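Hello,

Here is the structure for you to look over. My notes follow below.

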Amino acid sequence: MPQDYYIILGVERVSDADTIKKAYRKIAMQFHPDKNPGDAAAEAKFKEAAEAYGVLGDAEKRARYDRFGHAAFQGAGGGGGFGGFQNAEDIFSQFGDIFGDIFGMGGGGQQRQRRSRTGPQKGADLRYLTEITLKEVLTGVEQDLDFESEVSCDSCEGKGAEKGSEVSTCPTCQGSGQVVRNQGFFTMASTCGTCRGEGQVIKNPCKKCKGRGRIMKNRKLRVSIPAGVDTGTRLRITGEGESGTRGGPDGDLYVEIRVREQENFERDGDNLHSPLKVSYVQLILGAEIEVPTVGGKAKLKIPRSTKPGEDLRLPGEGLPSLRGRRRGDLFVRIIPEFPKTVSKEEEKLLRQIAEIRGLSIEDESRGLFGRKK
C-alpha cells in the first residue's frame, strides 16, 4: 500500500498550503539529483516527494485525497495517486518554478534560468535608510542622498571589452551559460566553466572595469519625502538602483524611513499624545493656556474641575495622513502640578477653603507641608 502523502512530506493533515510547499522544497533540496548523482535511493525519494506534493499542493486533489485516500486516483495512471512521474523532466516541467527558486535549474526552470543568465538582466535594487524628524513628518522634506552603486562602465559602455575588440559567444556552451549532461534518466545542467555562466567570452577585457562591464560610482540624488510618512515607510524610486546588464533595465532604489523620536510627543498613527503639567488651581477653576505642538503652539481650553490623567483633545494638531489631506489630533494628558512651597497669604486662603468644605487638615502650628512655625 502506498505511503501516506502527509507522512512523506512530514506535515500535519491540517497544514496550510504554504507549510506544505516549504516541506516539499526542503525534501526536494535534500534529494535533488544534482546533490546525489548516481544515488538510486535519493532518486526514489525525489520522485516520491514530487508525487505527494502533486496531490497535496493542489486544493482540489487534496480534498479528494483527504476523503478517499489513494483510492481517489486509482485508474489515473501508474505510479501512485498523482499518475506518477516517468523521469526527472516530468517533475521539472511540473514544478519548475520551485526548482528554479532552489537551484536556478531543472526542466522548464532550467530554460528560464539560461535565458536570464545570458540575456538582458535587470540591475539590482538598492536600499537606503534615512532618518527624519517629527516636524519633517508634518511638512514633508527634500533630502540629498549620497551613496555608492554599480553602474555601466563608461569606457566600454558596459560591454566589458576594450574598444575595438568584440565579445564572442562561448564555444563550450554555445552561449547558454550551462553545460548539460545525462545521468541515468536525469538530465542535469551545471555552470559552464569556460565562461562562468555568462555565455560570452571576452578576449581583451576593458582595463577600467576588468571585463565586468560595471564600475562602482559615488552618486548623489535628491528625493522628496512626503508629509505623513512613518517609521518603516518605503519610497520606491524607479530606475535609480544598479545598472542593468546586456541592455536590461536599471534596478530601483528603495528609501526606507526612520522617524526620530521627539521628547514629550508619542505617535499613534496620525495622532499624537503629550503630557502637560497644569497648576492645580487652573484645574479647579478652569483656564485657557498655550501648549507646545509639533508645529509650534496652540491654545488649549481646560474646563473647570478637570481630572488628573484626563486627555484633552486638540483637533488637527496631530500629523497629516499619508493617504489623504486629513490631519490627526493632539491629545494632551493632564498632570496636576502642586507648589513645593506657598506663601503665608496662600496658606491662609487654603485653610479658609478647607474650613468652608469641612475638611480635616494639619494643625496650623506645623504650617503647610509639615513645617513647624
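What is the volume of the largest cavity? It is about 30 Å³. This is a predicted model, where local features need pLDDT of at least 70, side-chain atom pairs count only at pLDDT 80 or more, and totals for chains, interfaces and linings use all residues. Residues are numbered from 1 along each chain as its sequence is written, and side-chain values use heavy atoms, leaving out hydrogens and water.

The cavity

A cavity is a set of points, on a 1 Å grid over the protein atoms alone, where a 1.4 Å probe fits but cannot get out. Points are joined across faces, edges and corners, and the volume is the space filled by probe spheres set on them. The whole-structure search finds one cavity of 30 Å³ or more.

Lining residues have an atom within 4 Å of a point. Here they are Ser-274, Pro-275, Leu-276, Val-291, Pro-292, Leu-330 and Val-332. Two or more residues each come from β11 (271-279), β12 (287-292) and β15 (330-337). Strands are DSSP runs (E, at least two residues), numbered from the N terminus. β11 gives the most, with three residues.

Ser-321

Ser-321 sits in the loop between β14 (311-314) and β15. Ser-321 counts as buried because its relative accessibility is 18% (buried means under 20% relative accessible area, 1.4 Å probe, protein chains only). A polar atom of its side chain lies 3.2 Å from the backbone nitrogen of Arg-323. Neighbours within four places in sequence aside, Ser-321 is in contact (heavy atoms within 4.5 Å) with Ala-227, Asp-270 and Arg-326.

Best wishes

Notes:
On a 1 Å grid over the protein atoms alone, a cavity is a set of points where a 1.4 Å probe fits but cannot get out, and a pocket is an open set with protein on both sides within 12 Å along at least five of seven lines; lining residues have an atom within 4 Å of a point. Helices (H or I, at least four residues) and strands (E, at least two) are DSSP runs, numbered from the N terminus. Buried means under 20% relative accessible area, exposed over 50%, partly exposed in between (1.4 Å probe, protein chains only). A polar contact is a pair of N or O atoms within 3.5 Å; within protein, one must be able to donate a hydrogen and the other to accept it, and residues adjacent in sequence count only if both atoms are side-chain atoms.
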